[in-house]
Amino acid sequence: MANPGTWSMVLRLCALILFLEAKGFVLGGDDSNVQGGNSIDGSGGVSELCVNDLTSFMPPPYGNSSDIVCKPIWNTFVLRYTQTDDHVMNIILSAVYTTGWVGMGFSRDGLMVGSSAIVGWVNRKGQARIKQYYLQGSKSSQVIPDKGELPLTGIPATVVLHGPRIYLAFQLKFQTQLARQPLILAVGSGYPKHNNHLPVHTDKTTIKFDFSAGSASEAPIDFKQMKKNHGILAIFGWGLILPLGAIVPRYFKHKDPLWYYLHSIIQFVGFVIGLAAVVLGQQLYAKIDANFQTHRGIGIFVLVLSILQILAFFLRPSKDGKFRKYWNWYHHWFGRLAVFFAAVNIVLGIKIGAPGIEWKISYGFFLSIILLAVIVLEALARMRRTETKDTMPPNFQMNPVP
């Protein structure tokens, strides 16, 4: 069984894992806010824009400047809003405008898919247009006009082009006071087509805005890149390297002791990459207030199984030990469960993230290669066992001479 030195190494490994997880929680929960009301941007004075008299060009009730909160939130975007005791909000979004469209989406989890947005533009004929869109998917054809879940009131939304800026104004009524809310801000250089389908955006970001305090996150976070990195790490760590490491002891035990060292190294590398995926996923989960309990729960379950597999390496009894049989059961079945649930969670993550068909094709290709390799190696192993059995000398007993 394990000696005191082994137990010391196990404890150090557990401490390192806990440290990395804690660091992920801290980074994920860092919600540093800035009060942007008096900031100045490169366009020459957001603070001056916030004191502009809207009554001269905005129709009621949007021109009423009493109790209005005005904050710069991203690039040239400025957000104005009022919020009453009965949860009615007048929202006015402005930005420097030349051509194309400007939009602001409300998201439950910081993701584009599933959010509802208000988009405004002034077409080539000088006609102002504003519509609600439902972002059903990541493709332009899946951005559906005149659909959405925003609680618009009967007060008409409006678009005004004043000087170099475009103003989108609309009124919402929520059931409760709106506080921290992920917002998606986007611009596009192309005009919506005759069917009002939006061209692809040229730039976008996601921020978390606190309507109760009038503050936004200090810097926009590239959630799309974070999601991509999380997915790549999970696919390579949990979905590719761990299954390859599991193949080694089943089909290459005749290469003793090489199979043991390859198995240990490959599985440890896969565990480290998978752990990085979990830490990055936790940061992403906290920053966008995601609500994917199944995906998160399976991920934590796979991580726990992987940690138990790492501990099995240090607690491995000798071949003739009385606990070796039970250790083999534990090691084999926990490993199989980890590989199976990791594959399930990768498929679930791809479905949630909706990154595009190329991700499904890539993971399907990796999975097919692994399954094909298992089938070929299993066939070769059975052939080898059959040949070994056929070449063994027959066991017989000579009759004694009377």
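View 1. The model is predicted, so local features are reported at a pLDDT of at least 70 and side-chain atom pairs at pLDDT 80 or more, whereas totals for chains, interfaces and linings use all residues. Residues are numbered from 1 along each chain as its sequence is written, and side-chain values use heavy atoms, with hydrogens and water left out. Trp238 belongs to helix α3 (residues 223-251); helices are DSSP runs of H or I with at least four residues, strands are runs of E with at least two, and both are numbered from the N terminus. Setting aside neighbours within four places in sequence, the contacts of Trp238 include Phe271, Val278, Val302, Ser306, Ala342 and Ile346, a contact being heavy atoms within 4.5 Å.

**View 2. Ser306 in helix α5.** Ser306, part of helix α5 (residues 293-314), is buried, with a relative accessible area of 6%. Not counting residues up to four places away in sequence, Ser306 touches Trp238, Leu242 and Phe271.

**View 3. Helix α6.** The 30 residues of helix α6 (residues 324-353) should span 44 Å at 1.5 Å a residue, and the end C-alpha atoms are 42 Å apart, which agrees; the expected span is 1.5 Å times one less than the number of residues. Among the buried residues of α6 are Trp327, His331, Ala342 and Ile346.

**View 4. The largest nonpolar core.** This core has 40 residues, of which Leu79, Ile91, Met104 and Phe106 touch the most other members; a nonpolar core is a set of buried Ala, Val, Leu, Ile, Met, Phe, Trp, Tyr and Cys residues joined through side-chain atoms within 4.5 Å. Strand β6 (residues 116-122) gives the most to this core, with five residues. Beyond four places in sequence, Phe106 touches residues including Ile91, Leu150, Phe170 and Leu183. Apart from this core lies another, of 21 residues, among them Trp238, Ile298, Val302 and Leu311.

View 5. Strands β9 (residues 158-162) and β10 (residues 165-173) run antiparallel and are joined by five bridges, pairing being assigned if DSSP finds at least two bridges between two strands. Val159 stands opposite Leu168 in β10. Two residues lie between the strands of this hairpin, and Gly163 in the turn has a positive phi of about 65 degrees.

Notes
Buried means under 20% relative accessible area, exposed over 50%, partly exposed in between (1.4 Å probe, protein chains only).
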